[in-house]
Amino acid sequence: MTKTAIVTGGCRGIGLAATEIFLEQGWQVAVVDRDTEELHRAVDHIEGVLPVEADISDPQAVDGVIRKVVERFGRIDALVNNAGVALFSEVGKTGFDAWREVMATNLDGVFLCTQAATAELAKTGGSIVNIASISGLRASTLRVAYGTSKAAVIHLTKQFAAELGELGIRVNCVAPGPVRT
């Protein structure tokens with residue numbers, strides 16, 4: 001049976017590149033994004049891709065993503081938690097609403113997608129790759145929300161690896177530097 005991956009934030013940059021690599025390897029891919037227009041522009045013309053519009057910071061939407069993928073492809077073998085909000089602002093100028101939007105997508109989304117996909121990934125001995133950032137490894141100016149969210153993703157990956165490894169699910173994280181998107 002053909003393997004299936006879910007890629008969040010798959011319309012551009014790292015997410016779209018990951019989607020293309022999965023397709024080259026013969027996988028089916030569900031590309032998840034909250035930007036409907038960009039989602040359909042990026043993947044509607046690509047065979048083997050299921051575009052799924054969803055906000056990964058919404059638990060019900062995430063549960064719906066998993067249902068749609070299983071209904072369409074019958075299995076989940078990989079999850080790439082790539083969706084993210086990049087906010088670059090000074091500490092004193094970062095409003096709480098902006099902080100929450102970054103945390104909701106960059107951290108809560110990773111938690112929710114992983115939690116929702118765990119049962120299906122356990123069936124296939126699947127893998128999870130979380131996309132963090134170099135900003136999660138070292139502090140720098142203008143990244144109070146973004147860098148903190150990505151540092152949390154790095155630690156959350158370790159938590160997931162320790163627990164989900166017992167179910168046969170591999171969990172890893174990459175922390176890229178700047179990427180042209």
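This is a predicted model: local features need pLDDT of at least 70, side-chain atom pairs count only at pLDDT 80 or more; totals for chains, interfaces and linings use all residues.

**Entry 1: Thr4**

Residues are numbered from 1 along each chain as its sequence is written, and side-chain values use heavy atoms, without hydrogens and water.

I located Thr4 in strand S1 (residues 4–8); strands (E, at least two residues) and helices (H or I, at least four) are DSSP runs numbered from the N terminus. Beyond neighbours within four places in sequence, I listed the contacts of Thr4 (heavy atoms within 4.5 Å), among them Trp27, Gln28, Val69 and Phe73.

**Entry 2: aromatic pairs**

I applied the ring criterion to Phe, Tyr and Trp (its six-membered ring): centres within 6.5 Å, with planes under 30 degrees apart stacked, over 60 edge-to-face and the rest tilted. The count came to two aromatic pairs. For Phe22 and Trp27 I noted centres 4.8 Å apart and planes at 45 degrees, so this pair is tilted. I found Phe22 buried at 15% relative accessible area.

For Phe88 and Tyr146 I noted centres 5.4 Å apart and planes at 55 degrees, so this pair is tilted. The pair links distant parts of the chain, 58 residues apart: Phe88 lies in the loop between strand S4 (78–81) and helix H4 (96–124), and Tyr146 in helix H5 (residues 144–164). I recorded Phe88 as partly exposed at 42% relative accessibility, and Tyr146 as buried at 13%.

Terms used: Buried means under 20% relative accessible area, exposed over 50%, partly exposed in between (1.4 Å probe, protein chains only).
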